Amino acid sequence: MDYNTVVNTLNKIGSVLSVEIKPDGTCGEICVEAANDTYLQSVNVAREDFVPGKPYYNYVPPTRNYEAMCFRCVNENRMIHSYINVAIYNAWMEVYLLPLKSAEDGKGYLLFSYDMTPKVDAEKMSDLSPDLAMEVIQTAVKLRETDDFQAAMDSIIDDIRVNCEANRCCILLTDFDNESCSVLCESVTEAEAHIKNVSAYVEEGFFHIVKTWDDLIAGSNCYIIHDAEELELLKEKSEIWYESLKDAGVFSLVIYPLKANGETIGYIWATNFNSENTLNIKAILEVTAFILASEISNHQLFEKTKVLSATDLLTGLYNRNAMNNRITNIVSGKEDVGGDYGVVFADLNGLKEVNDRQGHVAGDNLLKAAAALIRDVYVDSDIFRVGGDEFLVLVTKHTENEFNAFVDKLKAKCENSDIVKLAVGTCFGDKTLDIRTAMHLADERMYADKEEYYRKHPELKYRGKQE
């Protein structure tokens, strides 16, 4: 067959590839046998530099996923159409692979063509079979039908595992700046319930493995291990991860990165899936990963904004806005303190003196030291910085004796501190005591404690700058 005639009749990018099928039925060398000018231009190769029959990776970077598609096209005599995000080109590619007749034993041929765009085309992204489209729609609906983001993700990951016919499926969130990762959701079959979950691996410092995944994906849109034989190839690239997968009984694996705003925010993966259904699994995960990355990124931004709006940036404690919202919810009945509770008001003595004489940097450091001291005492209570030098602690789920013990501990720490001196006022009562009343009483007692402190130490009372 004259393959040059075949590719030159195309009005689009076109090439003919040969795929070696080894005697054991596995994929051998994949070579470019013919290419039209449009194809050569797309890979930046001059016509005079093109040599038919050379391996494809002479012209483009090698990728396992591309090789797997080519092999499946000729080995199963099936046309393949896919729409994928190709990271190495920072573009979206719609690919077509069409098997051609071959008179040679141990070698198949295919026609390869593609279109490439810098941005995703929603219409092409949604070009799925009815069954796959319904699965993706259900994912989108679940994200919209509840305000409980975690519950939605737990349900979605269950669906993905079932649709992939996988034993385990997980979404892992990554923070490359802090070199950490965390499990967002995970689903396993009963058969694998006894195997250590991904969260346990994360606790053991899993990030050193996670940061190698970009190299494994190598500019493609995913990384796939179809069987135990391909798993052995991983040993050459990441022996630590290979051993981890072997220990967990993994023999097949597919990983898709979750990308938002040009950054990898996590990964979704499935293990021990039905490898005969790889193309459908890739289609499901490709679109689902695209949707989930956007939703997760928006959720993270929302949570970050919510935290910032309620956090004092200097000390890391809750701020006055958070306190006001909390008190409003308690007074309105939206939140129940759950029984007996206590309020602690603490005022930092000497902050104005430090600011005036040593500067505001020293004053900020004093505030951070005071916050750390209070946090060390009230490890399971909500602490608010409610003013320049004032702090409030809301203590719940503790008896009055425990509450008083905490107060004694706080005062003892202040006595032993060379820099942090707090005036402390408290009030303890049951849920029939209006929290606004409790705060008022604690505030009055705090100011009385401050006056007593300066009565005992008149030399420490700062009276402003002297002329």
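**Sheet and helix notes**

I began with the sheet, an open one of 6 strands in the order E3-E2-E1-E6-E5-E4 with antiparallel pairing; strands (at least two residues) and helices (H or I, at least four) are DSSP runs numbered from the N terminus, and two strands pair if DSSP finds at least two bridges between them. At the edges I noted strand E3 (54–55) and strand E4 (80–86), each of which pairs on one side only.

This is a predicted model, in which local features need pLDDT of at least 70 and side-chain atom pairs count only at pLDDT 80 or more, while totals for chains, interfaces and linings use all residues. Residues are numbered from 1 along each chain as its sequence is written, and side-chain values use heavy atoms, with hydrogens and water left out.

I then followed strand E1 (residues 15–21), which pairs with strand E2 (residues 27–35) in the antiparallel sense over 6 bridges, and found Ser15 opposite Ala35 in E2.

Next I looked up helix H12 (residues 278–309), which lies across E4 and E5 and runs at about 35° to E4; axes are lines fitted to C-alpha atoms, for helices over the stretch in contact, with angles from 0 to 180 degrees between N-to-C directions, and contact means heavy atoms within 4.5 Å.

Last, I checked helix H13 (residues 320–332) and helix H17 (residues 435–456), whose axes come within 10 Å and cross at roughly 135°. The contact is made by Met323, Ile327, Ile330 and Val331 of H13 and by Ile435, Arg436 and Met439 of H17.
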